[in-house]
Amino acid sequence: MTTDTPLSAAARVVSAKSYVDPVTGAIEKWLPLHQHLADTAAIAGRLWDQWLAPAVRQLIVDDVGDASAARGLAVWLAGVHDVGKASPAFAVQVPRLAEDMRLLGLDADSRLHGSPDRLPARHELVSHLAASAWLEEAHGFDRVQARRIASILAAHHGKPPDAAQVAEVRPRDRLVGAGRWRDVRVELLEAATSAHVSETDIQRWRAAELTQPTLLLLSAIVIVADWIASSDYFPLSELGEQPWQTTRERAENAWRKLNLPAPWTPTPPTDDAELFRRRFTLGETTTPRPAQAELMRLARESPTPSLFILEAEMGAGKTEAALAAAEILASRFGRSGVFIGLPTQATADGMFARLTEWTQRLELDTPVNVFLAHGNRLLNEGFDRLARDGRFRAIGDTYDGRRDASEDLVIAHQWFSAPKRGPLSSLVVGTIDQALFGALRTRHVMLRHLALAGKVVILDEVHAYDAYMGQYLERALHWLGAYGVPVILLSATLPSDKRRAFAKAYESGRTGGTAPSAPRRAWVARSTASSQPDPHESLNGDIGYPSIVAVRGGSPPLLVHPASTGTSRVVALDRVDDELDSLAGLLSDALAEGGTAVVIRNTVRRAQETAARLREEFGQDAVMLAHARFLGVDRARRDRRLLELFGKNGDRPEKMIVVATQVVEQSLDLDFDIMVSDVAPVDLLLQRAGRLHRHAGRSRPSRVDTPRLVLTGADWTCSPPEPNPASQKIYERHPLLRTLAVLHGCDALRLPDDIPPLVQAVYGQEPLGPAEWADPMSEAAASFQNVTVSRQHAADQFRLNAMKRTGDLLGLIGFDAGDPESGAGARATVRDGEDTLDVLALQQNGDGGYYTPFWLEEGGGIQIPENDLPDHALTRVILGCSLRLPAAVCRGRLIDRHIRRLEESYPVLTWHGSHALRGELVLVLDADGRASLDPFTLSYSPEDGLSYTWAVRDALPESELPV
């Protein structure tokens, strides 16, 4: 038996963990508390030295005032995080081990075993109380500073308690333990102190101005260290025995087996043109476009980490600009990673392929870890391949011929496979939700902060988020500013109120100010102007195009106008009524000589109805349908097919029509000859128009040789025109009417010149449209204002509070919104919308067995084993059959009824043993692709996706009927 620090027999007998034989129920192994604390401290030291981004370390060092004291604080906190397990409330959980403690004077009331009476004294609360009291009594800390540091211990399970919970525990000696229990806690605290810090370090802690961002980062470090120290890498001991290895030996063995990748250390070329050539496959003579060159210049010259807002037309190379600038910013400001957030899973999948290609051109010396951050990541073939080969050679190995070995250096490490750990990877692509979760009141939010604090953050298509999501984005920017994270926002164009809101949110975090209150801001914007000059005045209205705004904090935003690329085009603008026959006639005429068309509908139902009518006119093979209500694998196949046919190097068909919803609106590099679109807000219409004649140099039939956008989805005989009710439900009537007003009498769009003035006009306050439109537009504006404020208040209920320079972590989360990724118990998400359900679709044959859908090209018609877990390949096929039910099918009380019914009819009980499939709801389709979900009949086909009808209309109240 070997020990590292002399401890009393009582301190050595307190237990941290135990193992129960699942058959006999007997305790077979255990781990002493002192050893678990020492293990966790040792791992925290290695995380600090070998894994944390330099910028994260520096932020903590700046607050503590000394590098040694800052490292010592992180290690000490890890080394005492579970000291509260030395308490009766924890000890009584395992009577066999509690008896060993009792024999050495650590008595506990056995009646507490299994009793809810012990629950208020959770061990993290006891750790907080013990450390706070010890810092005050033994080292002269004032009460506020002692509680501030100790609150990190209270938060190490991901949700800090509030002050009332702490106060409830304080007088309960029966649970907390006085006398000998208190002596043991003090002994463990002093052992960690003597092992890891000096008296000088403690003096620095006492005087340190620890901000809330630093407290959150320290709490995240403790959580990560605790997770590693609680894993199988650290073996338990036989019952009654102490560990036979030293802490150093245990930690070295575990660290070697874990084999975490070292932080990415970017070394970009100093010449921007050379950087571009070496990072992107654009040709040896290619030079950066003006906007790309300007963003890189600002990244090199910015004196501090900043927020950059790049607004440039569709197809201008904003992604390449952001990646090049991110590498420069990461190198200059100690960031060891990049996070790229996109609107949807489909766009994130597309970006992941671009990220891995870029990563392979980074001329790496050591492996870098990548992660795809969304729920269907294993369906992405590129990520799945990396995940199945998620180990790599030992850190420190050298690699000859770096370019040849580059593919081996892009890895997906096994430890980061869990959703909460994955974002801690160096290079991450995901839906924007992953960034917005950092602004959500949810357990382990500090891990979200640690994941972003050490990176450069790129958020694409930021114009696409509504008032609800906007609240989370502003709060996320506020916290990113507090951590000094360089942020790059990309958009074709932003309404000025969004541009100003994003700038103010980031600046408030950088300067330590209070984040603006969004619901109040909506009304304040209409009040009289302040006597103080507004430093953001330059961001109002049409600021020029393209543009880059740099927000640094403490000084007015910097506005730069890159030179125009010199390319412009005119898009003819027409209207057609909302009759399907009229649409068919228009397309028949336009495509008489061939060509490609896209019809964009605002709802799936309209898209399906449109596709059915156009197939009658043009034939089954000439019409392709794309929307979000396909199985995951079917939708992925359609996205690939769209790119194969209409992408930059696509094999374009002679004549074809794509009918789609908003899935073709963002981030897919598609090119069509003519577009028909439902009326939508002007910024989204312009985004859609970016898919018209996108790729220069193509030969097009004469009738579609100039780009043409045709608006539909409105009754043009009304004054003002009346948008389709379904479109109003999605976008609200107010922005639709203002869009129609600004386009009234317009027969052409000049891109990109018209983009800024049109967008600023629609989202501005000036009256638009003919005089006779005034009253309807005024009514729509008032209704929209009420809806916007309501959505902002709804978001604020679940939104994390703004950063506090001072204070502790107690009560930081408060009302827990639940796990936003698992959906289990989650009471909020960062996206507005009605509740719905995700299911896995299987088919049942006449033999009673369950099969993967028979129409699947890969893995179709495979019978699901009843008594065994499916292997990895089959699991991927099953997960690819994910399907989101329409919100209309789940409205009101129906969602709870559906969950009960689907759970009661769970077809494959063995799935409960699968980590990937456990808890998934299964929708069983018959041989014809039909299923009943009372009072609806669901129907699925690989050509049309999911549709539904309701057979018992009278069974539902009017408010719950589908629209």
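How many bridges join E1 to strand E2, residues 27–32? Select both strands and count: five bridges join them, and the two run antiparallel. A strand here is a DSSP run marked E of at least two residues, a helix is a run marked H or I of at least four, and both are numbered from the N terminus. Two strands pair if DSSP finds at least two bridges between them.

Before you move on, a word on what you're viewing: this is a predicted model, where local features need pLDDT of at least 70, side-chain atom pairs count only at pLDDT 80 or more, and totals for chains, interfaces and linings use all residues. Residues are numbered from 1 along each chain as its sequence is written, and side-chain values use heavy atoms, with hydrogens and water left out.

Now click Ser18 and look across to Trp30, its bridge partner in E2.

Next, jump to strand E16, residues 655–660. Five of its six residues are buried, so the strand is largely enclosed by the rest of the structure; buried means under 20% relative accessible area (1.4 Å probe, protein chains only).

Show strand E14 (595–600) too: E14 and E16 pair in the parallel sense over six bridges. Ala597 has Ile657 as its bridge partner in E16.

Last, select strand E15 (623–626), which runs parallel to E16 and is joined to it by four bridges. Met624 stands opposite Val658 in E16.

Terms used. Buried means under 20% relative accessible area, exposed over 50%, partly exposed in between (1.4 Å probe, protein chains only).
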